Amino acid sequence: MLSYRHAFHAGNPADVLKHVVVVRCLAYLNQKEKPYLVVDTHAGAGRYRLDDASAQKTGEYQQGIARLWHRQDLPEALRGYVQLVKEINSSDELTQYPGSPWLIRTLIREQDRAIFYELHSKDHALLKRHLERKPQIITRCEDGLTGVIALMPPNERRGLVLMDPSYEVKEDYQQVVSVLEKAHRRFATGTFLVWYPVVDRERISAMERAVKRTGIRNIKQFEFSTCPDFPGRGMSASGMFVVNPPWTLEQEMQQILPYLVDVMAPDQGSFRYKTLVAE
Ligand code: SAM
């Protein structure tokens, strides 16, 4: 039984980091006419109201997207993402936030395809409703970690896979790495994004070691903390492993990460990025 609902967390600093990376990677894929496939293994509901009870209860978006909403000094690499959030809001007021499926749906072109997996039946029903019908989009109420392997390699031979588990169960940390390894074995040139929360630093260090042990090459890691790591429950930071990143991504993140720290967590925040495995 899944209890995680992303509606409580939509638009928080971790979503901002993840979604900026997704938008930058799709912008890069869009530079060539050739079609591609996007697979979102943990799609969520697709879009969220920030003025409803769930988002208001945690108020997490206040430290995330709300801090970017009226900024006039956004770095170039952040502007496209913020513009997409503006598009989903019909007025100057921030009341809605796009999930990864909405961003993907908006950025893919006629020749591209997207497949979304969401296991929670209620969120899957919302997802179907939120993604206006586009013939090249499929949603599945199935396990995305099993589903993605069978889809590799895509016929298009170009593609992006986003793996964004809720890490409700501790096995997710190992399983996502094992799926990454299997999917990459079938589609070595694909771009794979794996999001992770930092709740227990040792768990993430173990995950980094596990990712390295897969033998996959060309992996970058980007992380953004809103406070120093602390023991007990709660997320101090979140990060992304990016396999086969666009060559432009590191330079863009060099602008984006310090800016996010400045506007979202100027006193206690920090960032790091590194080449986890070279090309
Ligand atoms: N990717 C979304 C976004 O950025 O807007 C947020 C996804 S949320 C962090 C994780 C989602 O994965 C939850 O909605 C949860 O119900 C769903 N989920 C959990 N396990 C799953 C699985 N094995 N396959 C597909 N969906 C799963």
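Author: Let us begin with a term that will be needed later: a crossing is called right-handed if the near helix is turned clockwise from the far one by less than a right angle, and left-handed if it is turned anticlockwise. Please also keep in mind that this is a predicted model.

Reader: Thank you. Which hand does the crossing of H1 and H9 have?

Author: The crossing of H1 and H9 is right-handed. The axes of H1 and helix H9 (residues 249–264) come within 11 Å and cross at roughly 155 degrees.

Reader: How are H1 and H9 oriented, parallel or antiparallel?

Author: Angles over 145 degrees count as roughly antiparallel, and H1 and H9 are therefore roughly antiparallel to each other.

Reader: Which residues make that contact between H1 and H9?

Author: From H1 there are Pro13, Val16, Leu17, Val20, Arg24 and Cys25, and from H9 there are Leu249, Glu252, Ile256, Leu260 and Met264. By class, the contact of H1 with H9 has 9 nonpolar residues, no polar ones and 2 charged ones.

Reader: And at what angle does H1 cross H3?

Author: Helix H1 (residues 13–29) and helix H3 (residues 76–88) cross at roughly 105 degrees, and their axes come within 9 Å. That makes H1 roughly perpendicular to H3. On the H1 side the contact is made by His19, Val20, Val23, Arg24 and Ala27, and on the H3 side by Ala77, Leu78, Gly80, Tyr81 and Leu84. This contact of H1 with H3 divides into 7 nonpolar, 2 polar and 1 charged residues.

Reader: What about H7 and H8: how far apart are their axes?

Author: The axes of helix H7 (residues 171–186) and helix H8 (residues 201–213) are 10 Å apart, and the two helices pack at an angle of about 20 degrees. H7 and H8 are therefore roughly parallel to each other. H7 passes H8 in a right-handed crossing. In the contact, Tyr173, Gln174 and Val177 of H7 meet Arg203, Met207, Ala210 and Val211 of H8. Those residues comprise 5 nonpolar, 1 polar and 1 charged.

Reader: Let us turn to the sheet. How many strands form it, and in what order?

Author: There are 8 strands in an open sheet, and the order is E5-E4-E1-E6-E7-E9-E8-E10, with mixed pairing. Strand E5 (137–140) and strand E10 (270–277) each have a single partner strand, so they stand at the edges, and one side of each is left without a neighbour in the sheet. From one strand to the next, the twist averages 15 degrees.

Reader: How do E7 and E9 run, parallel or antiparallel?

Author: Strand E7 (residues 191–198) and strand E9 (residues 237–243) run antiparallel, joined by 7 bridges. For instance, tyrosine 196 has glycine 239 in E9 as its bridge partner.

Reader: Which strands does helix H4 touch?

Author: Helix H4 (residues 100–107) packs on the sheet and touches strand E1 (37–40), strand E4 (113–117), E5 and strand E6 (159–163). The direction of H4 makes about 170 degrees with that of E1.

Reader: A change of topic: which residues come nearest to the ligand?

Author: There are 22 residues around the ligand, and His42, Gly44, Gly99, Ser100 and His120 come nearest. The shell has 7 nonpolar, 9 polar and 6 charged residues.

Reader: Finally, where does proline 153 lie?

Author: Proline 153 lies in the loop between helix H6 (144–151) and E6. A cis peptide bond joins methionine 152 to proline 153, with omega about -5 degrees. Arginine 157 also has its place in the loop between H6 and E6. Although arginine 157 is not a glycine, it has a positive phi of about 65 degrees.

Note on methods
Residues numbered from 1 in each chain as written. Predicted model: local features only at pLDDT ≥ 70, side-chain atom pairs only at ≥ 80, totals over all residues. Near = placed C-beta within 6 Å. Nonpolar A, V, L, I, M, F, W, Y, C, P; charged D, E, K, R; others polar. Pairing = 2+ DSSP bridges. Helix = DSSP H or I, 4+ residues; strand = E, 2+ residues; numbered from the N terminus. Axes fitted to C-alpha atoms, helices over the stretch in contact; angles between N-to-C directions. Contact = placed C-beta atoms within 7 Å. Parallel < 35°, antiparallel > 145°, perpendicular 65-115°, else oblique.
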